[in-house]
Amino acid sequence: MASADEIQKQIEELQNKLDSLKKNARQKIDKMSSEVKDSNPYSRLMALQRMGIVKEYERIRTKSVAVVGVGGVGSVTADMLTRCGIGKLILFDYDKVELANMNRLFFTPDQAGLSKVDAAAKTLNFINPDVTILTNNYNITTVDSFTKFLDAIKTGGIDGQPVDLVLSCVDNFEARMAINAGCNELNLNWFESGVSENAVSGHIQFIKPGELACFGCAPPLVVAENIDEKTLKREGVCAASLPTTMGIVAGMLVQNTLKYLLNFGNVSNYLGYNALIDFFPRMDLRPNPQCDDSWCRQRQVEYQAKPKEEKETEVEEVQEVVHENNDWGIELISEDNNEEIKPNAPMASSGLKHAFEAPVASQQSNTIAPTVSDDVSLEELMEQMKSM
Ligand SMILES: [Zn+2]
């Protein structure tokens with residue numbers, strides 16, 4: 001016997017199908033094809049294989065990601081992952097779409113008054129019917145809902161296993177702490193993201209329980225300014241937001257999600273963004289052995305006990321990017337000068353107000369200088385320049 005919830009879900013699915021038919025939506029596609037033709041929604045993504053960036057793009061269909069918070073960052077994140085053909089998306093939010101959200105991307109004025117997750121699911125289904133989208137319309141910080149949230153991420157994988165990644169796109173401290181507690185307990189990797197209340201800076205932070213600092217070990221620099229977030233929600237007082245900053249942070253978040261899920265490039269452990277000077281600091285944050293979260297301390301012990309080789313293979317997930325056709329012989333040289341900051345080190349614990357003050361030296365060393373390899377003759381080079 002199907003429960004009322006299941007019947008409700010089936011009705012919603014049928015409704016979505018009906019809406020798609022009305023809007024002349026495309027049919028589902030069984031297998032991603034790399035065939036270059038205008039009617040193939042995946043041709044440009046599959047071309048990442050031909051370009052030597054991703055080994056097996058279609059693996060994205062086996063991945064499941066939870067997006068918690070479907071606001072200015074979360075909705076764009078869900079949109080990007082849907083267009084990239086992610087296997088499954090699980091959305092969490094309890095807010096409604098409002099006209100005051102229209103300075104951001106994704107939602108449209110006709111959706112005002114609808115729940116964010118339902119409105120998002122409709123649009124996302126229409127964009128890409130191949131993606132399974134589940135919606136959860138509740139506040140994860142209440143006791144009952146937190147249990148439901150844990151269950152959803154524990155069994156939300158394509159195969160009933162835990163989700164591959166949790167993305168936090170929430171706007172408040174309590175929700176971040178709830179995600180942190182859940183992911184430490186379930187030993188799930190997740191990304192925290194945030195945009196400052198003055199709308200001109202943001203960050204993403206990768207959290208691997210036991211290996212990298214959790215949100216309780218050291219809250220990220222931008223949100224750690226000791227502002228009582230409740231004061232931001234007072235009547236008539238509201239935080240600023242820009243579609244630009246939110247779009248950039250969502251882009252940073254999804255880019256690193258794709259790198260992590262499809263195993264290419266370097267996943268940033270912490271990436272900041274200061275819009276006023278266009279500065280993007282990167283760093284690593286190691287866990288705090290005295291973290292208040294007992295699961296975090298437990299995960300640190302487990303991580304330390306792992307054999308050295310196992311830790312190294314985890315780091316070596318990154319593959320060398322090989323360009324199959326590098327006709328112009330162009331190389332990118334990156335001098336990675338990541339600073340490692342321990343959360344309990346004095347510079348990180350005292351207020352964290354320094355947020356994005358860029359030391360001049362590290363700014364220079366972080367620049368990526370395109371260089372031309374030596375074995376190209378001058379004539380060839382001239383020829384290449386002409387053809388650009
Ligand atoms: Zn911790």
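Student: Which residues do ring pairs link into a cluster?

Tutor: In this predicted model, Phe92, Tyr138, Phe146 and Phe149 are joined into a cluster by ring pairs. The whole structure holds eight aromatic pairs.

Student: Why is the pair of Phe92 and Phe149 called edge-to-face?

Tutor: Ring planes over 60 degrees apart count as edge-to-face, provided that the centres lie within 6.5 Å. The centres of Phe92 and Phe149 are 5.1 Å apart and their planes stand at 80°, so the pair is edge-to-face.

Student: What makes this pair a tie between parts of the chain?

Tutor: Phe92 belongs to strand β2 (residues 88-92) and Phe149 to helix α5 (residues 143-154), so the pair ties together parts 57 residues apart in sequence. Both Phe92 and Phe149 are buried.

Student: Why is the pair of Phe191 and Phe206 called stacked?

Tutor: Planes under 30 degrees apart count as stacked. For Phe191 and Phe206 the angle between the planes is 15°, with 4.4 Å from centre to centre, and the pair is therefore stacked. Phe191 lies in strand β5 (residues 190-195) and Phe206 in strand β6 (residues 201-207), so this pair ties together parts 15 residues apart in sequence.

Student: How do you know whether Phe191 and Phe206 are buried or exposed?

Tutor: Buried means under 20% relative accessible area. Phe191 has 0% relative accessibility and therefore counts as buried. Phe206, at 4%, also counts as buried.

Student: Why is the site of the zinc ion called tetrahedral?

Tutor: Four donors count as tetrahedral if all angles lie between 85 and 135 degrees. The angles among the four donor atoms here are 103 to 114°, so the site is tetrahedral. The protein donors are the SG atoms of Cys214, Cys217, Cys291 and Cys296, 2.3 to 2.4 Å from the zinc ion. Along the chain, these donors follow the spacing C-x2-C-x73-C-x4-C.

Student: What makes β3 and β7 edge strands?

Tutor: The open sheet has seven strands in the order β3-β2-β1-β4-β5-β6-β7, with mixed pairing. Strands β3 (132-136) and β7 (270-274) each pair on one side only, and these are the edge strands.

Student: How do you know that β1 and β2 pair?

Tutor: Two strands pair if there are at least two bridges between them. Five bridges join strand β1 (residues 64-68) to β2, so the two strands pair, and they run parallel. Ala66 stands opposite Ile90 in β2.

Conventions. Residues numbered from 1 in each chain as written. Predicted model: local features only at pLDDT ≥ 70, side-chain atom pairs only at ≥ 80, totals over all residues. Heavy atoms only, no water. Phe/Tyr/Trp six-rings, centres within 6.5 Å; stacked < 30°, edge-to-face > 60°. Helix = DSSP H or I, 4+ residues; strand = E, 2+ residues; numbered from the N terminus. Buried < 20%, exposed > 50% of the residue type's maximum accessible area, 1.4 Å probe, protein only. Donors = N, O, S within 2.8 Å, 3.2 Å for Na, K, Ca; no water. Tetrahedral: all angles 85-135°; square planar, octahedral: opposite > 155°, others 65-115°.
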